[in-house]
Amino acid sequence: EAVAKGDGAAPVAEETAVAVGAELYVAVGSFGVAANVDAAEARVAALGYPVLRGRSPGGTAGLVTVYAGPFADAATARQAREALLAAFPDAVVVGP
């Protein structure tokens with residue numbers, strides 16, 4: 001179940017398991033410090049992408065991954081990844 005996060009002034013993100021259905025996401029990073037999660041979310045949102053947080057299936061306990069998306073197709077996800085690489089050099093497309 002997704003949990004809304006935010007105080008109304010910042011972009012609202014959801015925490016959920018990712019790779020739902022046929023949607024694709026760009027994983028921009030995994031963070032163990034809440035302030036770093038918040039900063040990454042703000043940066044993704046400032047670049048104009050929808051943002052959510054979640055735990056990667058099989059990921060390290062205690063880390064929260066920040067995702068841009070969802071994107072409906074691989075071409076759109078790849079374009080978003082290219083745009084996000086300057087801010088997040090380890091960004092990868094994830095999905096089904």
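User: What makes Arg53 count as buried, and is Glu41 buried or exposed?

Analyst: Arg53 has a relative accessible area of 11%, and because buried means under 20% relative accessible area, with exposed over 50% and partly exposed in between (1.4 Å probe, protein chains only), Arg53 is called buried. Glu41 is buried as well. This is a predicted model, in which local features need pLDDT of at least 70 and side-chain atom pairs count only at pLDDT 80 or more, while totals for chains, interfaces and linings use all residues. Residues are numbered from 1 along each chain as its sequence is written, and side-chain values use heavy atoms, with hydrogens and water left out.

User: Why is the contact of Arg53 with Glu41 called a salt bridge?

Analyst: The term requires a side-chain nitrogen of Lys or Arg within 4 Å of a carboxyl oxygen of Asp or Glu, and the closest N and O atoms of Arg53 and Glu41 are 2.6 Å apart, so the pair qualifies.

User: How do you know that Arg53 and Asp38 tie together separate parts of the chain?

Analyst: Their side chains meet in a salt bridge at 2.8 Å, N to O. Arg53 lies in strand 4 (residues 51–55) and Asp38 in helix 1 (residues 34–46), so the pair ties together parts that are 15 residues apart in sequence. Helices (H or I, at least four residues) and strands (E, at least two) are DSSP runs, numbered from the N terminus.
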